[in-house]
Amino acid sequence: MVASSTSKSSLSVTLRVWRQAGPNQPGKFVDYAAKDLNPDMSFLEMLDVVNDDITTKGEEPIAFAHDCREGICGTCSCTINGKPHGPGRGIATCQLYMRSFHDGDLIVVEPFRARSFPVIKDLITDRSAFDKIMQAGGFITVRTGAAPDANSIPVPKHDADLAMDAAACIGCGACVAACRNASAMLFVSAKVSQLGLFPQGQPERDKRVLAMVSTMDAMGFGNCTNQYECSAACPKTISHDFIARMNRDYLKASFRSVFKPVSNSTGGGAA
Amino acid sequence: MSLAGNLFHSSIGRKFLMALTGLILVGFVVGHLVGNLQIFQDPDHINGYAAFLHQMGPLLWVARIVLLISVGIHIWAATALALENKQARTGNGPATAKHWIQATLSSRFVRWTGYVVLAFVIYHLAQFTLGVAGSAQFKENLPRYVMAADYRVAGFPVIKAGAEVLDVHSMVILGFQNPIVSVFYIIAVGLLSFHLLHGIDSFFQTMGWRSAKWSGALRKLTLVFCLAYFLGNLAIPGSVLTGMKGLREGFRAPSTSRTARR
């Protein structure tokens, strides 16, 4: 993260935080003064410090989701000044440092909002809709075993690299929060492409994309309007090229399902 | 789900329908413009062309029905998708104003440009096809035009010299001599070009043919296409409005001749 200043002097900001006691309860913004902050502390550390103050006063601390604090788990999820994970490109909230702000700034902190991500409390949302999509097809059914011998299944380097780009998705939901339509297309396309690019993923390629898209729609996510706000907000800078790939996969699978021959024998094996 | 179910009910399916109908409509507007640019040639051309199209009878109706269905599906899919998008956000949108990161201007206003284009298409049909708006200048109410030479399509003379045909040439020029009509046309085709700037780019994305490797070139090609389309359309009302393109020689307005007869 590029710092907006290289100053080492402490800074004070005003936080305008979304407070909501529980699901389906009315929420509101509450202002908190965060004083004398070390510019090198992360945004989440700053929230910890603010929470210390709040707790000392006997009030309910701000609930926020966090886990690894190194940008690989996808748990932290704050919309900061209207952008998921705050200013800066290719970082999660935990990788945002206070040096990205100026002394005296007003910082608006909200949860990742979407109808499919109901607020649990304050800044924490329920993102289990993503799990439902993964359960619909984000896996390879057969055991692929331990690491195979090199070259026993040839994978072109180009495909492996592209699959790795997609696999970098940490499932945080910033794409949904950034999208004007709360669409989950970037997340789903990353998961579909990650497996669809590998030889092991081919047998279930059609079934996977049809099932995952169908579940995505059923979960109430919006539709892509090709504005690419998702990839701009993605902490892993996953490209919206994967959305194009998923669109193609989905259309191919839909048309193929009409013409693909089916065996007459039912039964005997999983139907 | 069946193929029809996938296409009409799923998110990507309906986007595919939007892309497909959009492609048909882009094809039409380009053909329509190229045909109409014949107005800059001798009146024989545009009048012969119009008579030729009308001569096609059932084929013309097939084309009209395909276009009408395309417009219907395009609007239906856009509406259905937009309502779902609203639903996905309702009650849980960002409390702060939407912070745009990289969405293009044409994508943000695509719905609004769509509304203007729809209003324009309705007016355009009323004026030049049905003769509801500005009916005194409608082709059916103008004196017939006598073809000076054969109108040829692919070398075949489809409209013979001496044939009496509708005077589309004069209708268009009389229509565009009204500055309000002309300015509305120019604004509407400008917004249509702006609509296509997002639409054509989106077509490639929805079909899955767009990637970072050539998206920059695609964007530039789309921009050039939209600009050329706009300039082509600007030429017709623009040249009439500035007086560069006037009525044909020997044209007599019917209203004056009618009063003379009375």
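This is a predicted model: local features need pLDDT of at least 70, side-chain atom pairs count only at pLDDT 80 or more; totals for chains, interfaces and linings use all residues.
Residues are numbered from 1 along each chain as its sequence is written, chains are lettered from A in the order in which they are written, and side-chain values use heavy atoms, with hydrogens and water left out.

Start with chain A. It holds eight helices and seven strands. Helices (H or I, at least four residues) and strands (E, at least two) are DSSP runs, numbered from the N terminus. The C-alpha trace of chain A spans about 70 × 40 × 35 Å along its principal axes. Of the 271 residues in chain A, 48% are buried. Buried means under 20% relative accessible area, exposed means over 50%, and partly exposed lies in between (1.4 Å probe, protein chains only). Now take contacts in chain A between residues at least 6 apart in sequence: 72% of them join residues at least 24 apart. Contact here means heavy atoms within 4.5 Å.

Next, look at where the chains meet. Chain A gives 49 residues to the contact, and chain B gives 40 residues. Together the two chains bury about 3800 Å², with 51% of it on carbon and sulfur atoms. Buried area is the accessible area (1.4 Å probe) that two parts lose on being put together, summed over both. A:Arg115, A:Asn223 and A:Glu229 supply 17% of the area that chain A buries against chain B, more than any other three residues.

Two packed helices are described by the angle between their axes and the distance between the axes. Axes are lines fitted to C-alpha atoms, for helices over the stretch in contact, and angles run from 0 to 180 degrees between N-to-C directions.

Angles under 35 degrees count as roughly parallel, over 145 as roughly antiparallel, 65 to 115 as roughly perpendicular and the rest as oblique. From H8(A), the contact uses A:Met246, A:Asn247, A:Tyr250, A:Leu251 and A:Phe255, and from H2(B) it uses B:Ile12, B:Gly13 and B:Phe16.

H8(A) also packs against helix H8 of chain B (residues 179–207), at about 60 degrees, with the axes 6 Å apart. That angle makes the pair oblique. Here A:Ile243, A:Ala244, A:Asn247, A:Arg248 and A:Leu251 meet B:Gln205, B:Thr206 and B:Met207.

Now step into chain B. B:Ser170 is in helix H7, residues 168–176. B:Ser170 is buried, with a relative accessible area of 0%. Its side chain makes a polar contact of 2.6 Å with that of B:Asp167. A polar contact is a pair of N or O atoms within 3.5 Å; within protein, one must be able to donate a hydrogen and the other to accept it, and residues adjacent in sequence count only if both atoms are side-chain atoms. Leaving aside neighbours within four places in sequence, B:Ser170 touches B:Leu142, B:Leu247, B:Arg248 and B:Phe251.

Return to H2 of chain B, where B:Ile24 is found. B:Ile24 is partly exposed, at 35% relative accessible area.
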